[in-house]
Amino acid sequence: MRTDTGEIIHLEDYRPTDFVLERVDLTFELDPRETKVEARLIFHRREGISADAPLILDGDELKMTGLLLDQEEIAAANYDAAEHTLTIRNLPATAPFEVTITTEINPEANTKLMGLYRTSDVYCTQCEAEGFRRITYFPDRPDVLAVYTVNIIADKETAPLLLSNGNYLGGASMGDGRHFAAWFDPHPKPSYLFALVAGDLGIVEDTFTTMSGREVALKIYVEHGKEPRAAYAMDALKRSMQWDEERFGREYDLDIFMIVAVSDFNMGAMENKGLNVFNDKYVLADPETATDADYANIEAIIAHEYFHNWTGNRITCRDWFQLCLKEGLTVYRDHEFSADQRSRTVKRIAEVRHLKAEQFPEDAGPLAHPVRPTKFREINNFYTTTVYEKGSEVTRMIATLLGADLFKQGMDLYFDRHDGQAVTIEDFVACFAEVSKRDLTQFSLWYHQAGTPLVTASTAYDAAKQTFTLSLEQMVPPTPGQSAKEPMHIPLRIGLLLEDGSEALVTAVTGAEMTDDVLHLVERKQTVTFSGITSRPVLSLNRGFSTPINLHFEQTPADRAHIARHESDLFARWQALNDLALPNLVAAATSAKAGEPVQCDASLIDALLAAAADSGLEPAFRAQALALPSEADIAREIGSNNDPDAIHAGRQQIMSAIAEAGRDIFAALVDEMVVSGPFSPDAASAGRRALRNTALSYLVYAENLPARAVAAFNAANNMTDLSQALTILAHRFPESAEAAEALATFKTRFADNALVIDKWFTIQATIPGAAALDRVTALMADPLFNGSNPNRVRALVGTFAFSNPTGFNRADGEGYRFLSRQILDIDLRNPQLAARILTSMRSWRSLEQVRAEHARKALREIAAGKKLSADVSDIVERMLK
Ligand code: 0A1
Ligand code: ZN
């Protein structure tokens, strides 16, 4: 096994650079294979740094062709160019000096998609986290902020468009078939926010007038011919700009804001200053090709990247350990934006589903790490759901603890105090402590302790004393590198519901601080007594998922049904339905495993059907209520010794029972929820489509015939309905002629639309059952499969591993062996992509023994790979530890 996975970097070793970077002047002479980069960097030695300290710059896969100090060649004795560093000695003791570095890079050969690369004949950069060092030698770290001027020279015909950060200074033809453009970004920024795009692209333009009356030019660049599909993204951008002014008082700060959509991108999008680069999946949409989920994602990601302009760009991270400072906060901001644009409850349900499906397993497995880690090997592997989603939940808890007004004051203080700086989580938290005069030391453990806290609750009602007692106990499970944990500050929103659904009027509370409906659990064990309770209340615990915990609270199905029917907090109603369903699904898995008949409680069926038929509830909520916990949710609930086949079989039977009992209701919903008129992606229409398609899938279960799905497929006039019908057909009747025909029709119709073809791959990759692997293998040979396009690889290999529990976790281990071969292959081209897909195996230890053993062997095969990247070896080694 190769062991040089890079050294471990520790937070405690942080210290500022010896040299201060004052200015950056870059000149690019673009060429697909031989791009020349000249970097002129002006530095001065930081006060107190000894005169013989050398300047050490970062580099990666660079060919240096020139090195000057104040325009004079540097003698060979005065520098060393090693694989990852350039060290320059004998530099001026106090005076500023200019280092000029010339490098040559090959964008075409850059399959890692980090640094400068080519995508569909367009030059494009990705510099976060450490991609800038693949362009030139540089102090490539987020606490080095400088002002950049960028000159771009390129062939005029193939690259008529030359873009970089900031404001456009000017440009001209050069007479040799080339032209140039110059850009200046007045805002000091770290190198990870640098961007350059050059090529031949179409444009969609608009303007936005800021709150102080400045007009900002908005431009979205897409491939020629795709301009109409950028209209929704533009609309979302303008709404984001407006919202950030209204909600956070944040105004945009350049004359121009640009977005470029590219088809090869490792992540969702990137917030480069004034020049966001997007995976085209999160820009392009029209009714014929995008689903409601696609529209919602575009809205959220456009907002996310735009919001980074203040949370990330104006105020950035001191070091990469602070990643959640920008990511957790910005996810919180985009969640709030979507909640305001759509239904807050439905948005919260979707967030919590996602958190539980992705972050909880990460926090419970070998890859668990604190929101603010203290060590890493490969920073690329820390763009995790813990840093992003749990980081957002921690921000949300600060807002819950402080209340809206103080939270706003804390944010304002943060923006005022730290604008233009590179700061830490401690700086952020201090702003909230200061405005609220609360000690947030214990609360800060949310940043430092990994693992999902487990809260155990039990209650007692004393009719004679009219008191209700709640006993709470918290435990944070051990995680890698952290065996003993301190008790956390857990803000639990609660409600005490009376028989008629109204809330009990509490006269006094002892045993815990309460602020409004927030109970502060701060000790390992706490007993809380509520007085003045005239009849036995039903406790609704963790309303709105106010804190991201696992909860053990034995509640009767009747109490849960009571919450599902009466809670004023709609999210809590959904949660109660979920809590009703989970024990049924767990028991069903056990029965299925034992070959016994599966039982489904009538109370669950009644509660679900009551929600489905309740026209007083918005359709999107009813759709969420009907969507049972996923197979992964059930596996997590079971915890260990999981058999994905039994979980699947049990869940299918519960679905059939619900479908059978609700046949009439579902049939009526399919008729009633038709959305007429021209397509609109608004939340209300999307909700109707969601409810209709959910009802349709139950109905197909009940009938066990493909006919209705075929009819829905033929009648669909938008991608949401079409892809849902196709999914139902292919997943329920994979071997049917109807499914084969629909898949073929779909493929032919959308063969030239990559984003839709990704859906075609995904639908097939996620067909449950052991036959999935052969299907996936066959699809890899399809001419439309393209192993170097990240979206395509994720659509087929990624979704198979992440989202097909029965197919991937085949008892014979073939799924894992397939993945290990794929990872080794993908890793040769794109380590980041390989490492990310590999995390699909993060819960392997919770599988039953035979599968777990196969999984371990497959992981060992990967670990034994000869040319393993740092990215993959970091993940695989942590998974095997
Ligand atoms: N900062 C971006 C995420 C991002 C991170 C790394 C990347 O490089 C491969 C790209 C994007 C965001 O939060 O949107
Ligand atoms: Zn982000």
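**Thr-694**

I started with Thr-694 and asked: is it buried or exposed? Thr-694 counts as buried because it has 23 C-beta neighbours inside 10 Å. Thr-694 sits in helix H15, residues 683-703. Helices here are DSSP runs of H or I with at least four residues, strands are runs of E with at least two, and both are numbered from the N terminus.

Which residues does Thr-694 touch, leaving out those up to four places away in sequence? I found Ala-623, Leu-626 and Ala-627. A contact means that the C-beta atoms of two residues, placed from the backbone, lie within 7 Å. I also checked Thr-694 against Glu-554, 140 residues apart along the chain, and their C-alpha atoms are separated by 30 Å.

**What I am looking at**

I noted that this is a predicted model, where local features need pLDDT of at least 70, side-chain atom pairs count only at pLDDT 80 or more, and totals for chains, interfaces and linings use all residues. Residues are numbered from 1 along each chain as its sequence is written, while chains are lettered from A and ligands numbered from 1 in the order in which they are written.

I looked up the confidence next: the mean pLDDT of the protein is 97, and 99% of its residues reach 70 or more. pLDDT is the predictor's confidence in each residue, from 0 to 100. Residues 1-5 are below 50, and this stretch has nine contacts in the model beyond near neighbours in sequence. Where pLDDT is low, the predicted coordinates should not be read in detail. For the model scores I wrote down ipTM 0.99 and pTM 0.98.

**The whole protein**

I have 26 helices and 33 strands in my notes for the protein.

Of the 881 residues, 50% count as buried. I also looked at contacts between residues at least 6 apart in sequence, and 70% of them join residues at least 24 apart.

- UniProt lists "domain: Aminopeptidase N-like N-terminal" at residues 25-193. I find 0% helix and 52% strand in residues 25-193, with the end C-alpha atoms 15 Å apart.
- UniProt puts "domain: Peptidase M1 alanyl aminopeptidase Ig-like fold" at residues 451-553. Residues 451-553 are 0% helix and 50% strand, and their end C-alpha atoms lie 19 Å apart.
- UniProt gives residues 558-881 as "domain: Peptidase M1 alanyl aminopeptidase C-terminal". Residues 558-881 are 73% helix and 0% strand, and the end C-alpha atoms are 44 Å apart.

**Around ligand 1**

How many residues surround ligand 1? I noted 13, and the closest are Gln-126, Glu-128, Asn-266, Met-267 and Met-270. A residue is near a molecule if its C-beta atom, placed from the backbone, lies within 6 Å of it. Strand E20 (269-270) and helix H2 (292-307) are the elements that give two or more residues to this shell.

Ala-129 is in the loop between strand E11 (122-126) and strand E12 (146-155).

Asn-90 has a positive phi of about 60 degrees although it is not a glycine. I place Asn-90 in the loop between strand E8 (85-88) and strand E9 (97-105).

Gln-466 has a positive phi too, near 55 degrees. Gln-466 lies in the loop between strand E25 (454-462) and strand E26 (467-475), and it counts as partly exposed, with 15 C-beta neighbours inside 10 Å.

Key. Buried ≥ 20, exposed ≤ 12 C-beta atoms within 10 Å, placed from the backbone. UniProt positions renumbered as here; feature names shortened; annotations may be inferred.
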